[in-house]
Amino acid sequence: MEYRQTKQKQAIYDVIRGKDKYMSAYDVYAKVKDVYPNIALKTVYRNLNLLCEQKLIAKIIDEGQTYFDGNPEPHYHLHCTKCNRYYDVDLPYNHELDEMVSKRYNAKITGHQLIFEGICSKCLEGE
Ligand SMILES: [Zn+2]
Ligand SMILES: [Zn+2]
């Protein structure tokens, strides 16, 4: 039982880990189902949340939707409005912004998100 659970969690992690991944729990579920046809969506949810707690992946809320990111380091994203893909943006994360807001609002800031909107190079080439 324990062994199977670990294997499922590993399979989920393998789907989501890495750069330029930005998936909903359902996206992950659909992929993991190839390997584990009987896996339940709630199992995928539970493991994704577990992986977040272990800081192996990150959770991102965008327009009320929850996504999971295979790159746990704080970073920015480029969202292509044409193909709807998200790319990791290789810009230094601005920790000063967190400190500024923390001081100004006497708040504990855990991070900020920045999403650039536009059309990715792949889509531009295809035009
Ligand atoms: Zn695109
Ligand atoms: Zn990312």
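## Gln65 and the ground rules

A residue is called buried when 20 or more other C-beta atoms lie within 10 Å of its own, exposed when there are 12 or fewer, and partly exposed in between, with C-beta atoms placed from the backbone. Gln65 is exposed because 8 other C-beta atoms lie within 10 Å. Gln65 sits in strand 2 (residues 65-69); helices (H or I, at least four residues) and strands (E, at least two) are DSSP runs, numbered from the N terminus. Its C-alpha atom is 8.0 Å from that of Ser24, although Gln65 and Ser24 are 41 residues apart along the chain.

A word on what you're looking at: this is a predicted model, where local features need pLDDT of at least 70 and side-chain atom pairs count only at pLDDT 80 or more, while totals for chains, interfaces and linings use all residues. Residues are numbered from 1 along each chain as its sequence is written, and chains are lettered from A and ligands numbered from 1 in the order in which they are written.

## The whole chain

The protein chain has five helices and five strands, and from the N terminus on they run α-α-α-β-β-β-β-α-β-α. Taken along the principal axes, the C-alpha atoms fill a box of roughly 50 × 45 × 25 Å. Of the 127 residues, 15% count as buried.

Now for contacts, meaning two residues whose C-beta atoms, placed from the backbone, lie within 7 Å. Among those between residues at least 6 apart in sequence, 53% join residues at least 24 apart.

## Two domains

The chain splits into domain 1 (2-69) and domain 2 (76-126), with bounds that come from an automatic or database domain assignment. Their C-alpha centres lie 22 Å apart. Five residues from domain 1 and six residues from domain 2 make the contact. On the domain 1 side, the classes come out as two nonpolar, no polar and three charged residues. For that tally, Ala, Val, Leu, Ile, Met, Phe, Trp, Tyr, Cys and Pro count as nonpolar, Asp, Glu, Lys and Arg as charged, and the others, Gly among them, as polar.

## The nonpolar core

A nonpolar core here is a set of buried Ala, Val, Leu, Ile, Met, Phe, Trp, Tyr and Cys residues joined through C-beta atoms within 7 Å. The largest one has 13 residues, of which Ile12, Val28, Val44 and Leu48 touch the most other members. Helix 1 (2-16), helix 2 (25-35) and helix 3 (41-53) each supply at least two residues of this core, and the largest share, four residues, comes from helix 2.

Leaving aside neighbours within four places in sequence, Val44 is in contact with Ile12, Ala25, Val28, Tyr29, Val32 and Ile39. In soluble globular proteins, nonpolar side chains tend to be buried together.

## A hairpin and a sheet

Back to strand 2: it runs antiparallel to strand 1 (residues 58-62), and five bridges join the two. Strands count as paired if DSSP finds at least two bridges between them. Asp62 has Gln65 as its bridge partner in strand 2. The two strands form a hairpin with two residues between them, and Glu63 in the turn has a positive phi of about 50 degrees.

Further along, three strands form an open sheet in the order 4-3-5, with mixed pairing. Strand 4 (86-89) and strand 5 (115-118) are the edge strands, each pairing on one side only. Strand 3 (residues 76-80) and strand 4 pair in the antiparallel sense over four bridges, and His77 has Asp88 as its bridge partner in strand 4.

## Helix 4 and the positive phi values

Just after helix 4 comes Asn106, with a positive phi of about 45 degrees. Asn106 lies in the loop between helix 4 and strand 5, and it counts as exposed because it has 6 C-beta neighbours inside 10 Å.

Most residues other than glycine have a negative phi, and most peptide bonds are trans. Asp20 is not a glycine, yet it has a positive phi of about 55 degrees. Asp20 lies in the loop between helix 1 and helix 2. With 13 C-beta neighbours inside 10 Å, Asp20 counts as partly exposed.
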